[in-house]
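Please look through the sequence and the structure before reading on.

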Amino acid sequence: MPQTWGIILSKTLTDPVWFFVTDWLAILLVAKGYSPKDSLLAFWIPFLAADVGNFAGGGISSFLIRRGWTVDRSRKAVCIAGALGMATLAIPVFVNGFAVLVGSLAISTLAYAAFSTMILIFPADIYPPGSVASVSGMSGTGAGIGTIAATYLTGIVSDHYSFGPILVVASIVPLLAAVAILKLVRIPERQQR
């Protein structure tokens, strides 16, 4: 089903961005000239923002549904906003400053968490109960494969060039995930609550 591929693709494309932040943050800070010891804000603000994003994604979607939006439209609106928010990762490539770096990471992780919450709920919105775990598992497998590949490529690119190209690509990839959601995922009319 196209919906299955949309869910798998979106999770495969967005999870590596999250794991880039969680796994490469200290190295990114050093590469940008900041001492991890002197920049503790950079270590907790993006993760606090992600916590907020988990609640915000579901909360905004529920709010829109209560305002009369369909489940399909409200979930996709959060995905689009999430993809646009994740695109802020490219800002530190073009604008220097510690506050800019931390702010872009915070916006991106908040947006990732909101987007990810929608990806995780799509299987329950679309499939019968007996299939939800299978689709979720397949999307998790895609996320794992995508993250392994992205981690390997991040090491190669950062060793030979810089983190700039990685941040730009990490900003574009979520937009592709949103396109996959918009083009492939449809919540059936009968599932609209």
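Is R75 buried or exposed? R75 is buried, because its relative accessible area is 9%, where buried means under 20% relative accessible area, exposed means over 50%, and partly exposed lies in between (1.4 Å probe, protein chains only). R75 is found in helix α3; helices (H or I, at least four residues) and strands (E, at least two) are DSSP runs, numbered from the N terminus. The C-alpha atoms of R75 and S62 are separated by 8.8 Å, and these two residues are 13 residues apart along the chain.

**Basis of the report**

The model is predicted: local features need pLDDT of at least 70, side-chain atom pairs count only at pLDDT 80 or more, and totals for chains, interfaces and linings use all residues. Residues are numbered from 1 along each chain as its sequence is written, and side-chain values use heavy atoms, with hydrogens and water left out.

**Helices α3 and α5**

Two packed helices are described by the angle between their axes and the distance between the axes. Axes are lines fitted to C-alpha atoms, for helices over the stretch in contact, and angles run from 0 to 180 degrees between N-to-C directions. Helix α3 (residues 71–86) packs against helix α5 (residues 98–126) at an angle of about 150 degrees, and their axes are 8 Å apart. The helices α3 and α5 are therefore roughly antiparallel to each other; angles under 35 degrees count as roughly parallel, over 145 as roughly antiparallel, 65 to 115 as roughly perpendicular and the rest as oblique. The crossing of α3 and α5 is left-handed, a term used if the near helix is turned anticlockwise from the far one by less than a right angle, with right-handed used if clockwise.

Contact means heavy atoms within 4.5 Å. On the α3 side, the residues that meet α5 include V71, R75, V78 and C79. Their partners in α5 include I107, S108, A111 and Y112. By class, the contact of α3 with α5 has 13 nonpolar, 3 polar and 2 charged residues. In this scheme Ala, Val, Leu, Ile, Met, Phe, Trp, Tyr, Cys and Pro count as nonpolar, Asp, Glu, Lys and Arg as charged, and the others, Gly among them, as polar.

**Helices α2 and α5**

Helix α5 also meets α2: the axes of α2 and α5 come within 7 Å and cross at roughly 35 degrees. Here α2 passes α5 in a right-handed crossing. Among the residues of α2 that make this contact are L41, A42, I45 and P46, while those of α5 include F98, V102, L105 and A106. The residues of the contact of α2 with α5 divide into 15 nonpolar, 7 polar and no charged.

**Aromatic pairs**

How many aromatic pairs does a search of the whole structure find? The search finds 5 aromatic pairs. Rings of Phe, Tyr and Trp (its six-membered ring) pair if their centres lie within 6.5 Å; planes under 30 degrees apart count as stacked, over 60 as edge-to-face and the rest as tilted. W18 and Y112 form a stacked pair, at 5.4 Å centre to centre and with 10 degrees between the planes. This pair links distant parts of the chain, with W18 in helix α1 (residues 2–31) and Y112 in helix α5, 94 residues apart. W18 is buried, with a relative accessible area of 18%, and Y112 is buried at 9%.

The rings of Y34 and F98 have their centres 5.2 Å apart and their planes at 65 degrees, so this pair is edge-to-face. Y34 lies in the loop between α1 and α2 (41–66) and F98 lies in helix α5, so the pair ties together parts that are 64 residues apart in sequence. Y34 counts as partly exposed at 24% relative accessibility, and F98 is partly exposed with a relative accessible area of 23%.

Ring pairs link W18, F47 and Y112 into a cluster. F47 lies in helix α2 and is partly exposed, with a relative accessible area of 27%. Leaving aside neighbours within four places in sequence, F47 is in contact with W18, T22 and L25.

S10, in helix α1, is buried with a relative accessible area of 0%. Apart from neighbours within four places in sequence, S10 is in contact with I119, A177 and I181. S108, in helix α5, is buried with a relative accessible area of 1%. Not counting residues up to four places away in sequence, S108 touches V17, G85, M86, T88 and L89.
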